[in-house]
Structure formats: structure tokens, C-alpha cells
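Subject: Structure handover

Hi,

Here is the structure for your files. My notes follow below it.

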Amino acid sequence: MPGLADKFSRLAALKPSRAMAARPATRRAPEQEDSLSRLLGAAIATNHYGEHVCVSNWFSTPEFAEPSSRTLELLCRTRDVEHSKRTHAALADPSKWLFLDTETTGLSGGTGTYPFLIGLAWWDSGGLQVEQLFMRDFHEEHSILHELAVRLAERPVLVTFNGKSFDWPLLENRFTMTRAIATPKLAAHLDLLHPARALWKLRLGSVRLVELERHVLDAAKLGWHREEDVLSSLIPQHYFDYLRGGPAAPVAGVVRHNQMDLRGLAAILGRIDELLAAANGTDHEIDSLDLFGLSRFLQKRGESDHAHAACSQALDLGLPVEFRPQARRDLAMLAKRRGDHAAAAQLWHEMAAEITENPLDAMHACEQLALYYERRVKNLQRALEFANLALAKAGRLRAGNRDPYAAARIARIERQLLNRVTRLQHRMEPAVSVRRPTLPLLDALRPAPVRALKTAT
């Protein structure tokens, strides 16, 4: 039965081959015809699975600066307390960190996407040791993945930039597809994209590593230059051209691009540490928008007191006009949560006065003032005044809003405010039966009646 034999042979081919013991790769100088390796000053590394190009460099910048325990704890903090503690404990030893950045044949991350260049870096002798693993053709993929597994066994704490969403899932997929090399187990994975986005997106808009180097790290001061940098969108094409026998120079540019990304990644962690230290009152020259971003970052991690201090400092330094209302709103809510209701009320009074500039924030401020006067000051008359004012602002907002979803959301707020007005009136006149106000607004807010269907007899 040849058909059955073929089926068994195909099944046998799917069986994972036995993993080989990890051994240090041997290295040799490239052949004369290997123009790319000679251009990069690279070595040819050989292991159980074949050869690959290995580029090794040591850089004095960025200099090693160990982040504070508080910084690491904040970066690790999630709703899962036990997971946060394990991650924090793993990050406590910087000698176990491995910075990682890949260059791939596409951005889709599917099974047809290959990481043709794996960039690795770690702290060494006060500077950064960078090692880049490059496959000259697809048959060298097993070789670079094996080397990555060896490095992760030595340093199992991964530090990436968008690595949780892209780089690491892609590499896990490639390890699985080898059917020979086990996927390395990570002790922790710290993705710096999310804190960088929280801290600097308000000021920069884009938080690509190139932008962070230029505007956060001050690359010119560090002596870092990307004048001839490769556009990320062109990287896959440069590699495919090289595979078809094209020039080596563009791929060498890709290697340098990856090298700079690794150095920037390592430096960003130090800059995050400096900015988080500002929350403890450390004197740093920080942009007001960065402080506002820091405040919102700290709010999400439950650091209300430090978030309040950062937000207040951002307002004192002078936030751009478009960010001030949101900062005052955040500051008021933080003051309310910490029990400083008088300070919160003062901010809400200021926001309520801004009728034309920020009607939505003004409506919210009037609603909060109604709560404040009812529950804290016990002044029902003032509470009713602000509830009616919030209701009027909500009506104007809904009437002038052309977005049906936003209008529906404002209508829900109007119904809540109308209920508050009615309740306050009942509390102010307990002996009189107060009929629910017949306002024209009720007709607009009341859901359309459902007509009963007549059943034929």
C-alpha cells in the first residue's frame, strides 16, 4: 500500500528532531567572496545547525546606569500582583538582561515572515556589548535561532521595544517551526514601548526610537548620527535584493540601523529612570508635557500622590493651552480621591467658568460641583443651581453635536442630570408633592414608545 506508506512518511517528517546540546559557536574570518561580512568586519560563526554571520561591537555609550528599584517596580506593576513581584525580582540583576531587536522580511508577523537579523545587547564593562546574528540565506535560520537560545539561557530577562507584540511572538513562532530548537523560557520580559508612549507621546506624537533619540536622548550630544539611516519600510526589500545577488552596502546599512536601535533601547531605560525619579521631587529640567505624561502614567499605577505632584508641577511650568483643561480635570479628581475636596472644588469652579473653550469639561465640572455642595457642604440650593447649569450645558452640547454616538452619550448624561435635579427638588421640599418637571427636554430624551401589535382574532 504505497499510499499508506507515503502518509506515514509525512507524519514521521513532522516529528520534532532531538535537540542538540548547546555548545559555543566557533568563528572564522569570512571568505574573500563574502563581501557583506568583510564590509561589516564580521566573523562567520559555526554551530550544530550550520553557519551565520556574527557582528560584534562594544560601545562606551550609553553608559551603564542601574535603574532604581522603584523604577523597576513601577515598570513591572500590573493587576496581577504575584506576576509583578516575579518580574521585579528577575529584573533586579541587570547582568541577566538581554536587549533584543529584530529586522524581518515583513511586518505581518505571519508564518512567512523571517527574522533575518537578530540584534542582541547586554551591559559589559560599563558599556554596551552588541552582537548581531545575520542569516545570508533562509537555510541559516536554525543557526541564528540556536545562538539566540544560547544567549537567552545566559541572560533570560528580555528588554525590547514593542517586543511583546511583534519581535518575541515572531521568534516563538520561528522556534516552533524548526521542530528542533526548544523555545527559550524567559524569566521576565520588559517592553519599553508602553511606558515611552505614556511619557512622551503628548510632546512628540511619534515615539519611534529615532524620534526618542533625537528629542529625548539628545543624540547629537551623545555623538550618535543617523544621517544615512535606512528607512524601516525599505529594510525587507534591501534583504530580498541581497538574496538575489544585489549589492551588500544597503544590507550593511540595515545592520547599522539595528545597532543604533539597540543602543537607543538601552539608553531609553536610563531616561525613563530619570523621569520617574522626578516624581520623588528630584530636581530635573523636564518639559511640562513630559510631566503631564508622567502624571497620567503614575495614575494608572495607583501612585495618586506622586501623580498629583507631577500634574501640579506641569501646570505651574505652563502647559500648552489645549492640555490645561485635561490637566486641571485630572488634578481635581486626584485631589478628590486624596480627600482634599476644597482644592478640587476650586479647580472645578475655574473649569465651570470656561464656557466657550471647553464645554464638555465645564459640564463635568458643574456636575462635580453639584455633588460637592450636596454631599460635602450640605447646601442643596447651590447643588441644584450647578445641577441645572450642567443640564443646560449638556443640552447645548447635544444640540450642536453632529456625531450621533456622541449625541447619544450626552443624552444619557442629560437623563442622569435630570434625575439629580428632580431628586434635589424633592429633598428641598419634602412636604410638597413635587411633580416631575415637564420640560421639552424630556420628549427628546425619552425612548420612543413601542407600539403593541394587534393580533387578528
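D361 is buried, with a relative accessible area of 12%; buried means under 20% relative accessible area, exposed over 50%, and partly exposed in between (1.4 Å probe, protein chains only). Its salt-bridge partner is R329, at 3.1 Å from N to O. A salt bridge here is a side-chain nitrogen of Lys or Arg within 4 Å of a carboxyl oxygen of Asp or Glu. The pair links distant parts of the chain, 32 residues apart: R329 sits in helix α14 (residues 324-337) and D361 in helix α16 (residues 359-375). R329 is partly exposed, at 25% relative accessible area.

Before you go on, two notes on conventions. This is a predicted model, in which local features need pLDDT of at least 70 and side-chain atom pairs count only at pLDDT 80 or more, while totals for chains, interfaces and linings use all residues. Residues are numbered from 1 along each chain as its sequence is written, and side-chain values use heavy atoms, with hydrogens and water left out. Helices (H or I, at least four residues) and strands (E, at least two) are DSSP runs, numbered from the N terminus.

More on salt bridges

The count comes to 26 salt bridges. Side chains of opposite charge can pair when their charged atoms come close.

- R214 pairs with E211, the closest N and O atoms being 3.3 Å apart. Both lie in helix α8 (residues 209-215), three residues apart, about one turn of the helix. R214 is partly exposed at 47% relative accessible area. E211 is buried at 17%.
- E274 pairs with R271 at 3.1 Å, N to O. They are three residues apart in helix α11 (residues 249-278), so about one helical turn separates them. E274 is partly exposed, at 37% relative accessibility. R271 counts as buried at 19%.

An α-helix has 3.6 residues a turn, so residues three or four places apart point the same way.

The sheet

Eight strands form an open sheet with mixed pairing, in the order β1-β2-β3-β6-β5-β4-β7-β8. Two strands pair if DSSP finds at least two bridges between them. The edge strands, β1 (26-28) and β8 (188-191), each pair on one side only. Neighbouring strands are turned by 30° against each other on average, direction ignored. Axes are lines fitted to C-alpha atoms, for helices over the stretch in contact, and angles run from 0 to 180 degrees between N-to-C directions.

How many residues of strand β4 are buried? Eight of the eight (residues 97-104), so β4 is largely enclosed by the rest of the structure. W97, F99, D101 and E103 point one way, while L98, L100, T102 and T104 point the other way. On one pairing, β4 runs parallel to strand β7 (residues 157-160), joined by three bridges. There L98 has L158 as its bridge partner. On another, β4 and strand β5 (residues 115-124) pair in the antiparallel sense over six bridges. L100 stands opposite L120 in β5.

Helix α5

α5 (residues 141-154) lies across β1, β2 (43-47), β3 (50-59), β4, β5, β6 (127-134) and β7, running at about 20° to β5. Of its 14 residues, 11 are buried, so α5 is largely enclosed by the rest of the structure. Among them are I144, L148 and L152, along with the charged E141, E147 and R151.

Nonpolar cores

A nonpolar core is a set of buried Ala, Val, Leu, Ile, Met, Phe, Trp, Tyr and Cys residues joined through side-chain atoms within 4.5 Å. The largest has 85 residues, and those with the most contacts inside it are W97, F99, L192, W200 and L212. Helix α11 gives the largest share of this core, 10 residues. Apart from it lies another core, of 39 residues, including L120, L145, I235 and A248.

F99 touches residues including W122, W123, V159 and L262, not counting residues up to four places away in sequence. Contact means heavy atoms within 4.5 Å.

Best regards
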